[in-house]
Amino acid sequence: MPGFLPDSIAPLQIGDTIPEYLWHLPLQVANHPEGKEMITLGEYRGKPILLDFLSTGCGGCIKALPKIESVTRSAGGDIVVIPVTAEKRSRVAAFIPKNNFINDTKLPFIVADSVLKQHFPHTYISHVVWIDAYGIVRAATSTGQITSRTIREFQHGGPLDWPIKTENTRFFNAPLITLDAEANVLPNNAKRSLYYSAVIGYTEGVGPYVATESDSLMGIERVSFRNKAILDLYRIATNNRIAPTHVILEVADPAAYTAPTASNQHIAMDSWYQQYGKCYEATFPLGKTENWKARMLADLNHFLSLNGRIETRDTTCLVLTQVENAPDIAYREEHGERTSTLTTSNPVKILRGATLSSLVHVLNTAYRDKLVVDGTGYSEKVSLTLRLNDITDLRSLKKALSPYGLDLVEQQREETFLVITER
């Protein structure tokens, strides 16, 4: 019966059609452009719909919304994006105007949801359900799969050869390597230890990360990382102590080693991981995991035919320096709200309530041919107003920094890098 839930709800699969009752079910909403407090999916029937399951506490989910709005708006075709959350209307309504990423969003948020999640069950967010104009469920992905290219593929209506966000599997958190189940039931095979290390390609249906865990029955501890970029695996193996600016990839195809940024429209994030992602898993005797990262580094080098290492190199840098008796640049609340407009085209660039490392990060993106490092030793949050049109104009940037006692000086320095070389 339209608008009424059945006694039992069967989760919808890819290829299923939205049941008639679900189109008519009243759903609570916040931030509706017409001020409505209730809507039905039927109001958008005949249009492609993206249901984006999220929460206000998921920073990545919220940060992705402006990109999703921009991409779908540019594509045209009346694509409807509806964020969905279990949170109460009051919380969502208070959150939106205070959040810098979505304070001007026009998207209606379905709130206090329990019904839609039963139809589209998932464990992790973001979780995006793609429903075409005919009401057919076409895909379930993360927001990383939303690009201009995938939106066009969705609109054209052909087969979608995309990674499937598969979570509800019996092996979701299971070890990647197991002994044969039939062999395990033989009496002399009970409680066998299993020591191994393995590098495996992208594996659908497994959890994104399993921390080090103990199996006292088998007498082992297991380390497992699933569907990661090769560079991220090397970061883990080297204690994550090297900044992104201090990575050198001496390889034929650097794009195969590090995941694309959210702004990359050539390949969707999920598709990239399907093509290039790797899993690493190893087991150790109980209590013998103190050197597991060194073992992991050796395994990665061996199995992937690479030479990844920490190495000190002499390099030409732009060093951010601060003169003695420099003016006070510390941020205080009376300076105003914390913000950064360094990457905008505004003729005045503001960095307020962040550290100088934020400036250095932006400069490393702008000056790709030269490494920028922070040599000031200043760790407090700052308040800077830089008057220049183009942050890539080094001469203008140095002039804008000068009133704060800051400068960019070219120096030859020894810096420590994570270097990955193909063998």
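1. Pairing of β13 with β16. In this predicted model, strand β13 and strand β16 (residues 371-374) run parallel and share 4 bridges. Cys317 faces Leu371 of β16 across this pairing.

2. Pairing of β13 with β18. Strand β13 spans residues 306-322 and strand β18 residues 406-422; the two pair in the antiparallel sense over 17 bridges. Here Cys317 stands opposite Gln411 of β18.

3. Cys317 and Cys279. Are these cysteines buried or exposed? Cys317 has a relative accessibility of 0%, so this residue counts as buried. Cys279 is buried too, because its relative accessible area is 0%. The cut-off for buried is under 20%.

4. The disulfide. The count comes to 1 disulfide. Cys58 and Cys61 form it, with their sulfur atoms 2.2 Å apart. What is the handedness of the disulfide? The torsion about the S-S bond of Cys58 and Cys61 is about 70°, so the disulfide is right-handed. Both Cys58 and Cys61 are buried.

5. Largest pocket: size and centre. The volume of the largest pocket is about 1700 Å³. Its lining holds 43 residues, and those closest to the centre are Gly60, Ser142, Thr143, Gly144 and Met269.

6. Largest pocket: make-up. Which element supplies the largest share of the lining of the largest pocket? Helix α2 does, with 5 residues. At least two lining residues come from each of α2 (59-75), β10 (220-228), α8 (269-276) and β14 (339-340). By class, the lining has 20 polar, 16 nonpolar and 7 charged residues.

7. Second largest pocket: size and centre. The second largest pocket has a volume of about 1100 Å³. The lining of the second largest pocket comprises 34 residues. Nearest its centre lie Arg235, Pro244, Thr245, Thr258 and Arg368.

8. Second largest pocket: make-up. Two or more lining residues come from each of α7 (230-237), β11 (247-250), α8, α10 (356-366) and β16. The largest share belongs to α10, which gives 5 residues. By class, the lining divides into 18 nonpolar, 9 polar and 7 charged residues.

9. Elements to cross-check. Helix α8 contributes to the lining of the largest pocket and to that of the second largest pocket. Strand β16 pairs with β13 and also lines the second largest pocket.

Conventions
Residues are numbered from 1 along each chain as its sequence is written. This is a predicted model: local features need pLDDT of at least 70, side-chain atom pairs count only at pLDDT 80 or more; totals for chains, interfaces and linings use all residues. Side-chain values use heavy atoms; hydrogens and water are left out. A disulfide is a pair of cysteine sulfur atoms within 2.5 Å. Buried means under 20% relative accessible area, exposed over 50%, partly exposed in between (1.4 Å probe, protein chains only). Two strands pair if DSSP finds at least two bridges between them. On a 1 Å grid over the protein atoms alone, a cavity is a set of points where a 1.4 Å probe fits but cannot get out, and a pocket is an open set with protein on both sides within 12 Å along at least five of seven lines; lining residues have an atom within 4 Å of a point. Grid points are joined across faces, edges and corners, and a volume is the space filled by probe spheres set on the points. Ala, Val, Leu, Ile, Met, Phe, Trp, Tyr, Cys and Pro count as nonpolar, Asp, Glu, Lys and Arg as charged, and the others, Gly among them, as polar.
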